[in-house]
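Trainee: Please take me through one part of this model, closely. I would like to see how it sits among its neighbours.

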Amino acid sequence: MDSTASSMSVDQPGPTEPAPGARRWPELGAVAAGGVIGSLARFGLHEAFPSAAGRFPWATFTVNVTGCLLIGVLMVLVAEVWVGRRLLRPFLGVGVLGGFTTFSTYALDIERAVSAGAPRVALLYLGGTLVAAMLAVGAGAGLTGAAIRAVRRRTVVRRTAAQKGVAHRPYRHRRGPR
Amino acid sequence: MMAALLVALGAAVGAPLRYLTDQAIRARHDSVFPWGTMTVNVTGSLLLGFLVGLPANDAILLLAGTGFCGALTSYSTFSYETLRLVQIRAWPVAAASVLANLVAGIGAAFAGVALAQAIVG
């Protein structure tokens, strides 16, 4: 058991959240409110872009891949930038993005495509969603982490320059003893 | 408007139930395998399959299908937990989780439809 895996989980309480068994009504309220917002957004997209039986379900595909990209971005921000905001992850991560994305519609879309006599669409959708979702969550987390490190590096360079009493000139080569 | 209200009501129950299920399972199992997510994904897919297989009327499908099952299950949690397992190089667990969610979740959707059709006849 590696503790880093569970401490970074979407659903599990982090160090700033109350222990299991503690009063968690604020968390549950945040999850419910976020779940309603995310689900209404998903419903709206399905109504706007319905897909016929046996055709590739683009609406669900887009919803799930977008939600996976955003959870990757969010979890890095929650861990490294927005630290200590107790209700942020329950609201945005568990609620909004958990309610926005869906596994049950994905599974049913596959069943419907097979029933409609389109097994190739079903297989393409099954694999396509999985691959795109995994690439999206990895890209979201990776790019956000890289952006945070780049910003911090610039901040550190500026601070060091200020402490030495010289202006930060990133592109000018300085000579002489340090 | 009525449709949106039904979806919202179902989601207001489904999303917190996913959260509580995950916490309850984590409190009992000390394992990196994401049992909580798999449990809600399989249960939600079975129920949605059943509702679509009947088929249930539009109001029930919006409330219990799009709202409740849609919010109970999650693709983002599933993908993020898989990413975490890959990051800690728990490759076999990551692969097992993906395979289990796909086989059991999609299988549950087929089983739900078949079950409903067997009952309705």
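**Helix contacts, step by step**

Mentor: Start with helix 3 of chain A and helix 4 of chain B: their axes come within 8 Å and cross at roughly 50°. Axes here are lines fitted to C-alpha atoms over the stretch in contact, with angles from 0 to 180 degrees between N-to-C directions. Helices are DSSP runs of H or I with at least four residues, strands are runs of E with at least two, and both are numbered from the N terminus. This is a predicted model, where local features need pLDDT of at least 70 and side-chain atom pairs count only at pLDDT 80 or more, while totals for chains, interfaces and linings use all residues. Residues count from 1 along each chain as its sequence is written, and chains are lettered from A and ligands numbered from 1 in the order in which they are written.

Helix 3 of chain A and helix 4 of chain B are therefore oblique to each other. The cut-offs are under 35 degrees for roughly parallel, over 145 for roughly antiparallel, 65 to 115 for roughly perpendicular, and oblique for the rest. Helix 3 of chain A passes helix 4 of chain B in a right-handed crossing (the near helix is turned clockwise from the far one by less than a right angle). Who meets whom? Helix 3 of chain A brings A:Asn64, A:Gly67, A:Cys68, A:Ile71, A:Gly72 and A:Met75 to the contact, and helix 4 of chain B brings B:Tyr75, B:Ser76, B:Ser79, B:Tyr80 and B:Leu83. Contact means C-beta atoms, placed from the backbone, within 7 Å. By class, this contact has six nonpolar, five polar and no charged residues. Ala, Val, Leu, Ile, Met, Phe, Trp, Tyr, Cys and Pro count as nonpolar, Asp, Glu, Lys and Arg as charged, and the others, Gly among them, as polar.

Now stay with helix 3 of chain A and turn to helix 4 of chain A. Their axes come within 9 Å and cross at roughly 170°. These two helices are therefore roughly antiparallel to each other. On the side of helix 3 of chain A, A:Val63, A:Gly67, A:Leu70, A:Ile71, A:Leu74, A:Met75 and A:Val78 take part. They meet A:Leu88, A:Arg89, A:Leu92, A:Gly93, A:Leu97 and A:Phe100 of helix 4 of chain A. The contact divides into ten nonpolar residues, two polar and one charged.

Helix 4 of chain A covers residues 88–100, and twelve of its 13 residues are buried, so it is largely enclosed by the rest of the structure. Buried means 20 or more other C-beta atoms within 10 Å of a residue's own, exposed means 12 or fewer, and partly exposed lies in between. Among the buried residues are A:Pro90, A:Phe91, A:Val94 and A:Val96. What do the buried residues pack against? In chain A, they meet helix 2 (25–48) and helix 3 (58–80). In chain B, they meet helix 1, helix 3 and helix 4.

Step over to chain B. Chain B has five helices and zero strands. From the N terminus on, its elements run α-α-α-α-α. Its C-alpha trace spans about 45 × 30 × 25 Å along its principal axes. Of its 121 residues, 53% count as buried. Among contacts in chain B between residues at least 6 apart in sequence, 76% join residues at least 24 apart.

How do the chains meet? The contact takes 48 residues from chain B and 47 residues from chain A. Helix 1 (2–28), helix 2, helix 3 (58–72), helix 4 and helix 5 of chain B each supply at least two residues of the side that touches chain A. Helix 1 of chain B gives the most to that side, with 14 residues. That side of chain B has 25 nonpolar, 17 polar and six charged residues.

Finish with helix 5 of chain B. Its buried residues, including B:Ala94, B:Ser97, B:Asn101 and B:Gly105, pack against helix 5 (104–115) of chain A. They also pack against helix 2 (35–53) and helix 4 (75–87) of chain B. Look at B:Ser97: with 21 C-beta neighbours inside 10 Å, B:Ser97 counts as buried. Leaving out residues up to four places away in sequence, B:Ser97 touches B:Phe33, B:Pro34, B:Met38, B:Glu81, B:Thr82 and B:Leu85. B:Met38 lies 59 residues away along the chain, and its C-alpha atom is separated from that of B:Ser97 by 7.8 Å. B:Trp91 is also found in helix 5 of chain B. With 10 C-beta neighbours inside 10 Å, B:Trp91 counts as exposed. Just after this helix, B:Gly121 takes a positive phi of about 85°.

Terms used: Two residues are in contact if their C-beta atoms, placed from the backbone, lie within 7 Å.
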